[in-house]
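Subject: Structure handover

Hello,

Here is the structure you are taking over. Please open it alongside this message; the notes on its chains and domains follow.

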Amino acid sequence: MAEMLKVNGLKAWYGESQALHGTSFEVNSGEVVTLLGRNGAGKSTTLRSIMGLVAKRAGSIRYDEKELVGAPSHRIARAGIALCPEERGIFSSLNVRENLLLPPAIRPGGMTVDQIFELFPNLKERLTSQGTKLSGGEQQMLAIGRILRTGARLLMLDEPTEGLAPVIIEQIAATVKTLKTLGFTILLVEQNVTFAAGLADRHYVMELGRVVDEIPGPAFADRIDSLKTYLGV
Amino acid sequence: MITIFGVPSVVLFGQLLLGLINGAFYAMLSLGLAVIFGMMNIVNFAHGALYMMGALGAWILLEYFGIGYWWALVLAPLGVGIFGIVIERTMLRPLYKLDHLYGMLLTFGLSLIIQGVFRDWFGSSGQPYAIPAALSGGTNLGFMFLPTYRAWVIVASLVVCLGTWFVIERTKLGSYLRAATENAPLVQAFGIDVPRMVMLTFGAGVALAALAGVLAAPIYQVNPLMGADVIIVVFAVVVIGGMGSIMGAIVTGFLVGLVEGLTRAFYPQGSSTVVFVMMAIVLLLRPAGLFGSKPEAAGGVHVSLDAPAPAFRTEILLFLGMAALLIIGPAFVYSGFLMKAMLFALFACAFNLIAGYGRLVSFGHAMFLGTAGYVCGHAAKVWGLTPELAILTGTLSATVLGVVTGWLAIRSRGIYFAMVTLALAQMIYFVALQAPFTGGEDGLQNIPRGKLFGLFDLNDHTLLYGFVLVVFLGGFLLIAQVVRSPFGQVLKAIREHEPRAQSLGYSTDHYKLAAFTLSATLAGLAGATKAVVLQLASLTDVHWGMSGEVLLMTFLGGVGTLYGPVAGAFIVIAMQNYLASLGQWVTVIHGAIFVVCVLAFRRGLVGELIAFLGRSRKPATPAKTPQAAPEAG
Amino acid sequence: MTSNAFRKWLGAGTALALTALFAAAPASAQVSDDQVKIGVLTDMSGQWSDMNGPGSLVAAQMAAEDFGGKVLGKPIVIVGADHQQKADVGVGIARRWLENEQVDAISDVTNSAIALAVQQLTKDANRVALFSSPGTTDLTGKQCSPTGFQWVYDNYSNTVAPVNALVKQGKKSWYFVTADFAFGTSLEKIGMDQVKADGGTVAGSTRNPFNSADMSPYLLPAQASKAQAIFLANAGKDLTTAIKQANEFGIVAGGQALVAPVMFISDVHALGLQTAQGTSFVEGFYWDQNDETRAFAQRFFERRKAMPTALQAGVYSSITHYLKAIQAAGTDEAKAVSAKMRELPVNDFFAKNGKVREDGRMVHDMLLVEVKKPSESKRPWDYYKVLATIPGDEAFLPLSKSECSLVKK
């Protein structure tokens with residue numbers, strides 16, 4: 001499988017304090033890979049750093065042979081990466097339709113609006129509602145849906161199940177599986193270990209701003225105990 | 001003739017119409033301001049100066065290039081818009097991550113530079129700009145006479161305002177703008193070049209101001225100061241309407257114009273103050289503004305101004321050194337200059353108490369200086385009080401004013417606080433203009449110096465100087481004491497992280513109000529003493545330009561340092577005195593100092609000096625409190 | 001040292017000391033600080049800068065040069081400063097000049113409020129004030145000073161004649177639009193008193209802020225009152241704005257007469273003949289009156305590119321007279337010079353048969369002028385038709401009515 005994303009020795013700072021101390025991992029084309037770890041381990045920071053949203057970064061982020069560590073966010077997006085942020089980032093001053101259509105189609109190959117509606121039928125009914133009036137689950141669908149149009153091939157999902165009811169979580173799991181069959185590559189950050197186990201090809205474990213362990217999907221059940229130590233559960 | 005409540009209907013409708021026209025300009029200007037603030041979180045103080053550039057641009061096009069009004073409507077905004085883009089790229093961009101205050105200070109400096117340069121070129125008396133032939137003349141409507149051009153202004157501005165609203169609220173481009181206003185980094189993460197969009201938006205906001213200027217040229221005198229007072233009214237409009245709302249800005253602009261017109265018909269003396277009264281009421285009842293929805297903008301990174309406290313012995317030496325210099329000063333330098341500088345130094349130190357140590361940057365401190373001066377002057381001249389009693393009376397009036405305005409203003413934070421204090425001070429200005437006892441434009445003259453305690457004749461220059469010296473040193477010591485006292489420490493804690501201070505049990509609003517009142521009192525002391533020394537209290541002391549001066553002095557010298565404001569005051573007063581022959585260029589220099597200080601020199605002279613000395617010693621870095629970082633995953 | 005030698009030393013030393021003492025003592029033919037310094041305090045860049053401003057400074061320099069640059073063998077120094085129409089700036093400059101920079105006389109002083117303050121300062125410091133520009137009659141009335149002089153006009157001289165003339169023509173009801181500071185309020189009072197004295201009525205009044213960009217809110221009540229005459233107690237830009245907007249709003253077309261008592265040729269120039277034609281007012285000086293005035297005006301024009309206004313010509317005249325008085329008095333001590341100023345008649349291109357009264361008022365003939373129609377103007381700045389000459393004694397407030405304490409009744 002072709003290597004799509006290679007992160008090597010990534011360091012990141014928020015102001016004066018260093019959040020990532022040299023993270024290294026890789027994602028191959030078509031994979032679903034998760035970043036696991038407890039709160040504060042640096043998982044979200046990693047995604048945000050890849051996306052160029054952390055002001056001070058060092059190290060290497062190579063995507064499709066391009067070095068992106070110093071690039072501004074909009075160029076990273078145009079390279080073909082999209083982020084579904086942890087806080088979902090639904091704009092309250094836009095309605096659902098505007099939210100959905102906001103990210104521009106940067107490259108060919110993105111899904112059409114109708115295809116997105118097939119994936120998330122309830123969005124279709126709520127088009128004129130104010131973005132933030134949607135339920136948590138609907139907002140999450142919207143957040144995922146809107147990056148599907150852009151033509152990005154690498155989707156980064158930051159804690160998509162956070163705060164959602166089990167039924168919705170099921171739906172999201174199904175969505176991720178569908179996306180995988182459609183050929184997307186997905187980098188997933190999760191605290192919900194069970195959710196991650198069912199979906200991912202590989203897992204990385206992060207602690208204190210570093211990747212400390214790599215677990216292949218099949219080996220997950222065996223390693224669950226050591227995982228729980230990492231997660232402090 | 002029909003009269004309505006005693007006013008002839010002709011006058012009533014006429015004033016309403018004139019008010020509506022003013023409202024059109026308010027709407028256009030506050031629209032531009034709201035758009036810029038929404039996108040960039042910068043309160044563009046230079047908006048008034050850019051409006052002026054549009055008007056003057058139209059005049060220049062006509063005078064030197066023979067290009068008429070209709071072309072000017074397009075060319076002037078274009079030119080000024082490009083100018084705005086250049087400013088954004090070169091000066092504003094570095095400021096987005098910083099506290100909004102820096103943006104306001106920088107644009108304030110820019111407005112001084114622009115206005116100073118244009119005043120130097122064109123004088124401040126204004127140039128005539130003829131109404132274009134196609135729009136001249138008027139119609140007699142029966143109940144009033146409507147000049148055609150003024151009708152055109154209303155129509156044109158409505159079209160422009162509604163058009164802008166439509167673009168922002170109903171188009172794709174507008175959705176990008178609105179999204180970027182909420183969460184610019186995320187929008188950029190979707191592939192949209194947000195910095196370029198911001199730049200163009202700023203250009204558009206600026207062009208809007210310039211367009212208003214072209215529309216205004218035939219009505220108002222085209223003169224370099226035409227934007228200076230309008231901008232403060234526009235600030236009040238934006239606070240009333242609510243900072244985030246586009247429609248709010250438009251509706252409030254017209255509304256304020258109408259209310260002003262109405263006031264002018266029934267109670268003309270109140271027409272200048274009514275907008276500020278409206279603002280005060282709105283702040284009390286609906287702090288977010290009539291249409292406001294944008295939550296209080298969180299502050300950005302604030303440069304830590306904490307200078308390590310020098311050893312106590314150094315402090316004493318510094319103080320004695322300053323006192324000694326001031327005692328022998330009159331032998332070398334005109335004592336009048338020294339006295340004026342000392343009093344302004346006291347004013348600046350008082351301002352610094354809340355701006356530097358408390359991080360409450362007030363843009364309206366002149367109201368305390370001036371009010372105390374007037375009250376003291378009145379007490380000495382009309383009531384015949386001896387100077388120390390007159391000064392006391394004046395100072396107390398500043399205290400009372402401080403409590404009232406502080407209580408109103410403290411509800412707002414950061415940039416809103418600055419705008420509210422500015423607007424309140426402007427209200428005081430207009431009250432002073434109208435009040436009979438102040439003498440209005442003439443000023444309160446021939447204030448007697450009298451006999452201090454009934455014994456010491458202050459007309460004697462040496463005694464007067466000694467008195468001023470005592471007042472200054474006393475005030476300075478008081479501030480130094482407050483800063484190092486437990487009260488001062490709490491203030492610093494509040495400045496660093498207010499929620500944390502609150503969680504420790506401190507009623508932060510009370511502390512802030514106390515600090516604000518103390519600052520007002522000391523500013524009042526400076527103003528009252530000044531009135532006795534200069535024997536004059538005038539409108540200059542309550543004008544917002546004076547608030548800008550004290551800001552300048554403090555920032556130049558070093559906010560948050562004890563001696564910074566003193567140094568800054570002496571330098572600025574010296575500039576006024578010795579560079580007076582440069583005329584308008586003094587204003588330009590002031591503006592340039594602001595710009596340079598914000599961009600490169602944030603700690604000010606004394607602050608940079610302290611930092612430099614600190615670096616040359618062995619640095620003992622204290623344990624840093626971890627910055628509040630966003631949730632790390 | 002022998003006692004003899006010692007006594008010689010003592011004697012020589014004492015003689016030396018005494019000589020030094022006497023040499024230092026101001027002899028009657030001495031000029032203070034070895035120069036005569038005149039400060040021109042004016043509005044260099046603001047509302048009124050065209051009527052005085054830099055032009056006043058030029059006039060002062062011309063006066064010094066024409067006098068030969070020296071008086072009593074000491075140089076004449078001219079300095080200028082911009083008070084920006086602000087009371088505190090003006091007072092600050094005046095104070096510094098008098099306390100620290102050895103200025104002997106302050107000239108021009110646009111802005112009545114600042115002028116009143118300067119009057120007090122010069123009185124206390126025993127220096128001379130040569131007011132050319134301010135209009136308030138208080139300068140020669142309640143607040144007169146032995147060393148203060150008002151040279152060109154005042155609110156009285158400019159108001160009485162036009163009001164008289166118009167009331168006679170049948171304009172009985174008057175509305176006042178008044179600049180809200182010393183100059184305007186003083187002008188308004190004189191105007192109202194005169195209207196009533198002539199048998200007219202005051203229909204109402206409005207105060208406008210000094211330096212108003214838009215005068216229309218204040219013209220509106222004037223228009224609504226339907227008063228037959230509208231008295232514009234304003235000067236400079238406020239005045240020209242008001243006149244322009246009165247045209248814009250159809251006030252002039254509607255038949256109401258606009259009365260602008262304090263108007264100067266610079267205002268006419270700013271308005272243009274098209275707008276200003278037909279307006280009549282009282283002027284203290286017109287450059288195109290005779291060969292003498294034209295000669296001065298030509299020289300002034302070369303330096304300033306504009307014809308001198310009455311105020312600027314007044315600066316020249318008052319300074320020249322002051323210098324003459326110093327010459328005659330043999331000193332620049334203020335009281336002695338002021339006495340000579342009152343003694344000597346004023347006879348130059350500015351004023352023929354001019355005389356300085358006890359109250360400091362320079363009384364001279366005034367001109368009632370009317371602005372020409374564009375077709376009547378044959379060359380640039382050919383703006384006025386002189387309708388009549390008003391003899392000085394009639395134009396100014398008679399001494400019998402003066403409130404000045406220096407006037408012996």
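I begin with chain C, which the domain assignment (bounds taken from an automatic or database assignment) splits into domain 1, residues 32-153 + 287-364, and domain 2, residues 156-261. This is a predicted model, in which local features need pLDDT of at least 70 and side-chain atom pairs count only at pLDDT 80 or more, while totals for chains, interfaces and linings use all residues. Residues are numbered from 1 along each chain as its sequence is written, and chains are lettered from A and ligands numbered from 1 in the order in which they are written.

Chain C

The C-alpha centres of the two domains of chain C are 29 Å apart. Between them, 12 residues of domain 1 of chain C are in contact with 14 residues of domain 2 of chain C; two residues are in contact if their C-beta atoms, placed from the backbone, lie within 7 Å. The side of domain 1 of chain C that touches domain 2 of chain C consists of six nonpolar, five polar and one charged residue. Here Ala, Val, Leu, Ile, Met, Phe, Trp, Tyr, Cys and Pro count as nonpolar, Asp, Glu, Lys and Arg as charged, and the others, Gly among them, as polar.

An unreviewed UniProt entry annotates residues 35-372 of chain C as "domain: Leucine-binding protein". UniProt positions are given in the numbering used here, feature names are shortened, and annotations may be inferred rather than shown by experiment. Over residues 35-372, chain C is 44% helix and 20% strand, with its end C-alpha atoms 45 Å apart. Helices (H or I, at least four residues) and strands (E, at least two) are DSSP runs, numbered from the N terminus.

Chain B

Chain B is also assigned two domains: domain 1 covers 3-139 + 147-285, and domain 2 covers 332-616. Their C-alpha centres lie 31 Å apart, and the contact takes 31 residues from domain 1 of chain B and 32 residues from domain 2 of chain B. On the domain 1 side, helices H4 (100-122), H8 (230-241) and H10 (274-285) of chain B each supply at least two residues. H4(B) gives the most, with 16 residues. By class, that side has 22 nonpolar, seven polar and two charged residues.

Contacts between chains

The contact takes 35 residues from chain B and 38 residues from chain C. On the chain B side, helix H1 (9-40) and strand E4 (145-147) each supply at least two residues, and H1(B) gives the most, with five residues. The side of chain B that touches chain C has 14 nonpolar, 17 polar and four charged residues.

In the other contact, 33 residues of chain A meet 21 residues of chain B. The elements of chain A that give two or more residues are strand E2 (17-28), helix H1 (43-50) and helix H2 (73-79). H2(A) has the largest share, four residues. The side of chain A that touches chain B divides into 15 nonpolar, 12 polar and six charged residues.

No contact joins chain A and chain C, and their closest C-alpha atoms lie 39 Å apart.

Regards
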